[in-house]
Amino acid sequence: MDKQNKDKKQEKIIPFPKLKERLMEKGLEALSSKKFNEALALLEQAKELEKGNHEIELGIVICLFELGELEQAKDSCLMMLKEDVGDYFHVLQIYVTILIQLGQYDEVKSTIEAVLDEDAVPPEYLDHLTQLLELSKRMLVADGVEKEAEYVNRDVEEELQNVLYNEGIVGKQIATIQSLKELNIRKYLDMLIPFLVIPENHPIVKTIIMQLLVTNQVDLEVEVEKFGETIKVNPKNLVDPSMSPFTIRVLSILEEQLENENPTLYEMAKEIWLRHLFVLYPFTLEEEEPSKYAATLHLYSAELHGMEIENQTLEQIYGVNLFELKQTLDKLEKVERFSYIE
């Protein structure tokens, strides 16, 4: 048979019916059974018969990932993104996961920031991508990719020493602590943590430090003093006080009694309550009676508005006695004195 006739014969060869489907089915079945080498061989054969099939392409990416071929997996995933193969944001999550495994946190950061800038991320993906972005930022700092130079680190330590322990200007202390948000704060724990237990230090500054420790998931026991009481807490285990059942219950009682009758007074009481919890943090009031605090906030807010309320009325509405109300009001006012920074 001459070459021309042989080439024509080869051109007429067609695959077995549904060969691509069979290869894909067997490949995905092998993938499910964690037979990654077998799955990869089958899916690559299927890809030769149909390019751009999202199930095949994604299966190949997963096989490569599981086999440790991360650079190949990254390239395949990037191709899917560029050619819009499959669910873009699902593929994007896998791509970012591969980048994290490769330790390429700068690329994670730039990729997610570019996507977020377009303001088109579906809600179901937004939270996870935001978390991955924060992770990449923390890892960039920890790995030294974006961390401050050593001389900057020394400057920060000197500033912390002066601002926290020498000057004593509360507004400057807060601004300095907040400026640490983009840094690796674990370098400065030896300066931040001792501040928390000194009685003379302002409770709001202590709150700001605690929030910084919580944001950075600092996993160690720290001692905190506020208003003559001391507790030991682990920042990693703390929750936002505004989301606690006790906090929500107090707001619910206030809402029931005030929102329709006097919405302005309700908003003021709510603001005072959340500010009160902020100053107390990480101390909580979980063991207190919600109705007692709701009544106290009602009374205190009314007084600030220049309104007079019969004590008997409050006792009837909230089911608390005057003695309890007076005690709680004293506590509230004591904390309120620290709520504003001059």
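Modeller: The side chains of Glu-271 and Arg-275 meet in a salt bridge, with N and O 3.4 Å apart; the term stands for a side-chain nitrogen of Lys or Arg within 4 Å of a carboxyl oxygen of Asp or Glu. This is a predicted model, in which local features need pLDDT of at least 70 and side-chain atom pairs count only at pLDDT 80 or more, while totals for chains, interfaces and linings use all residues. Residues are numbered from 1 along each chain as its sequence is written, and side-chain values use heavy atoms, with hydrogens and water left out.

Both Glu-271 and Arg-275 belong to helix α14 (residues 263-280), where four residues, about one turn of the helix, separate them. Helices are DSSP runs (H or I, at least four residues), numbered from the N terminus. Glu-271 is exposed, at 52% relative accessible area, whereas Arg-275 is buried at 15%; buried means under 20%, exposed over 50%, and partly exposed in between (1.4 Å probe, protein chains only). A network of salt bridges links Glu-271, Arg-275 and Glu-336.

Helix α7 (residues 105-117) holds Lys-109 and Glu-113, again four residues apart, about one turn of the helix. Their salt bridge has its closest N and O atoms 3.4 Å apart. Lys-109 is buried, with a relative accessible area of 18%, and Glu-113 is partly exposed at 26%.

Lys-172 pairs with Glu-167, the closest N and O atoms lying 3.3 Å apart. Lys-172 is partly exposed at 38% relative accessibility, and Glu-167 is partly exposed at 39%. The count by this rule is 11 salt bridges.

How values were computed. Helix = DSSP H or I, 4+ residues; strand = E, 2+ residues; numbered from the N terminus.
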